[in-house]
Amino acid sequence: MDAAFAAAREALRHQEVPVGCVMVRAGRVLATGRNTVNATKNATRHAELNCVDAIYRQCGAAGVPAAAVWGATDVFVTVEPCVMCAAALVQLGVRSVRYGCANQRFGGCGSVLSVPGRLLPTDATFVQDAERVDEAIALLKEFYKGDNPNAPRAE
């Protein structure tokens, strides 16, 4: 989870919503990602999906089918995955997801919609890391008190 928070802090430095994600298999970090929505002007470039894409690239380069990787992959993310990301993680078949704070606006793990288990069947565990909630919220507050250069402007 420490690496996910480091990625979230990097996102904040790049004026992105500070969400970081790390995907681990057998104790080895497979991918680290952060939000890149503002930089790419692509609303799907969430930290989780950036990690997923990195793993697909690695598997392709190594000639390993990505489907063989997901079932033993654990995901650590600083904020509850949104509905889109929660659905993607369930569909991929990751083993577990541990997240920092709840996402009261877009959360797909129970805050807004319960994707895992209720909407899509899964054996994966989705659990909040109670010890990292305040840290995750502090990063989000830091971002939202600043000026977002990509926000619409009144003319």
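User: When do two strands count as paired, and in which sense do β1 and β2 pair?

Analyst: Two strands pair if DSSP finds at least two bridges between them. This model is predicted. In it, strand β1 covers residues 20-25 and strand β2 covers residues 28-34. Six bridges join them, and the sense is antiparallel.

User: Which residue of β2 stands opposite Arg-25?

Analyst: β1 and β2 form a hairpin, with two residues between them. Across the pairing, Arg-25 faces a residue of β2. That residue is Arg-28.

User: What is the phi of Ala-26, and is Ala-26 buried or exposed?

Analyst: Ala-26 sits in the loop between β1 and β2. Its phi is positive, about 55°, although Ala-26 is not a glycine. Exposed means over 50% relative accessible area. Ala-26 has 75%, so it is exposed.

User: Where is Gln-15 found, and what is its phi?

Analyst: Gln-15 lies in the loop between α1 (2-13) and β1. Gln-15 is partly exposed, with a relative accessible area of 41%. Gln-15 is a residue other than glycine, yet its phi is positive, near 60°.

User: Which residues have the most contacts inside the largest nonpolar core?

Analyst: In soluble globular proteins, nonpolar side chains tend to be buried together. Here the largest nonpolar core has 38 residues. The ones with the most contacts inside it are Met-23 and Ile-55.

User: Why is the pair of Tyr-56 and Trp-70 called tilted?

Analyst: The structure holds two aromatic pairs, and this is one of them. The ring centres are 5.6 Å apart. Planes under 30 degrees apart count as stacked, and over 60 as edge-to-face. The angle here is 55°, so the pair is tilted.

User: Which helices does this pair link, and how many residues apart are Tyr-56 and Trp-70?

Analyst: The pair links distant parts of the chain. Tyr-56 belongs to helix α3, and Trp-70 to helix α4 (residues 67-70). They are 14 residues apart.

User: What kind of pair do Phe-143 and Tyr-144 form?

Analyst: Phe-143 is buried, at 10% relative accessibility. Tyr-144 is exposed, at 51%. Their centres lie 4.9 Å apart, with 85° between the planes. The pair is edge-to-face.

Definitions and conventions:
Residues are numbered from 1 along each chain as its sequence is written. This is a predicted model: local features need pLDDT of at least 70, side-chain atom pairs count only at pLDDT 80 or more; totals for chains, interfaces and linings use all residues. Side-chain values use heavy atoms; hydrogens and water are left out. A nonpolar core is a set of buried Ala, Val, Leu, Ile, Met, Phe, Trp, Tyr and Cys residues joined through side-chain atoms within 4.5 Å. Buried means under 20% relative accessible area, exposed over 50%, partly exposed in between (1.4 Å probe, protein chains only). Rings of Phe, Tyr and Trp (its six-membered ring) pair if their centres lie within 6.5 Å; planes under 30 degrees apart count as stacked, over 60 as edge-to-face and the rest as tilted. Helices (H or I, at least four residues) and strands (E, at least two) are DSSP runs, numbered from the N terminus.
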